[in-house]
Amino acid sequence: MLFPFLDESRIDALVYSALADVLGSHQAFDLRFERCGRLPEVLYLVPEPDTQLRQLTEAIADRWPEAPPYGGRFAEIMPHLTIAQGQEDAVLEEIEADLAGRLPFTSHVSSVELIVHDGTKWQERASFALEE
């Protein structure tokens, strides 16, 4: 929903509680993924509709203005599901071709995970339920 978020050293019980309040006030929803998108060195899936994702991102960023989406580098929020990053174009093209035969699909979004990077890998720290 929001990257980058707070540094892990700042994520305490108060942050967990506030995230639960912010996220728990939003309804669960369905997303459909019909196509891929590309950015330099990034392959992603385009979620449709993306309105609820934008609203979740805005709600978190409003609560923690010191953590603007994309570190403040871009004015517009662009919800997406990153599939591959940092690979050569040929690899991204191969992955995209493989995905084409697997699309479209629908996913029910009923929670938001807090994931942190520990310096080596990404790890889930908590899950926050959306209202069903």
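The protein has three helices and six strands, where helices (H or I, at least four residues) and strands (E, at least two) are DSSP runs numbered from the N terminus. Follow the chain along its sequence and you get the pattern α-β-β-α-β-α-β-β-β. A word on where this comes from: it is a predicted model, with pLDDT of at least 70 needed for local features and 80 or more for side-chain atom pairs, while totals for chains, interfaces and linings use all residues. Numbering runs from 1 along each chain as its sequence is written, and side-chain values use heavy atoms, with hydrogens and water left out.

Let's start with the overall form. A compact globule of 132 residues would have a radius of gyration near 14 Å, and the protein's 16 Å agrees with that; the radius is taken over C-alpha atoms, and the globule rule is 2.2 Å times the number of residues to the power 0.38. Along the principal axes, the C-alpha atoms fill a box of roughly 45 × 35 × 30 Å. As for contacts (heavy atoms within 4.5 Å), take those with a separation of 6 or more: 65% of them come from residues 24 or more positions apart.

Now for the surface. Some 33% of the 132 residues count as buried, meaning under 20% relative accessible area, with exposed being over 50% and partly exposed in between (1.4 Å probe, protein chains only). The protein exposes about 8200 Å², and carbon and sulfur atoms supply 50% of that; these areas come from the Shrake-Rupley method with a 1.4 Å probe.

On to charge. There are 10 positive and 24 negative side chains, counting Lys and Arg as positive and Asp and Glu as negative, with His and the chain ends not counted. The centres of the two sets lie 2 Å apart, each charge being placed at NZ of Lys, CZ of Arg, CG of Asp or CD of Glu. Side chains of opposite charge can pair when their charged atoms come close. A search of the whole structure turns up nine salt bridges, each a side-chain nitrogen of Lys or Arg within 4 Å of a carboxyl oxygen of Asp or Glu.

Take E66 and R10, whose side chains meet in a salt bridge at 2.9 Å, N to O. E66 sits in the loop between helix 2 (51-63) and strand 3 (81-85) and R10 in the segment before helix 1 (13-24), so this pair ties together parts 56 residues apart in sequence. E66 is partly exposed at 44% relative accessible area, and R10 is also partly exposed, at 42%.

Another salt bridge joins R35 and E48 at 3.3 Å, N to O. R35 belongs to strand 1 (residues 29-39) and E48 to strand 2 (residues 42-48), so the pair ties together parts 13 residues apart in sequence. R35 is partly exposed at 45%, as is E48 at 28%.

E96 is partly exposed at 26%, and R38 is partly exposed at 32%.

Finally, have a look at P49, in the loop between strand 2 and helix 2. P49 counts as partly exposed, with 46% relative accessibility. Setting aside neighbours within four places in sequence, P49 is in contact with D30 and L31. P49 and P79 are 30 residues apart in sequence, and 9.7 Å separates their C-alpha atoms in space.
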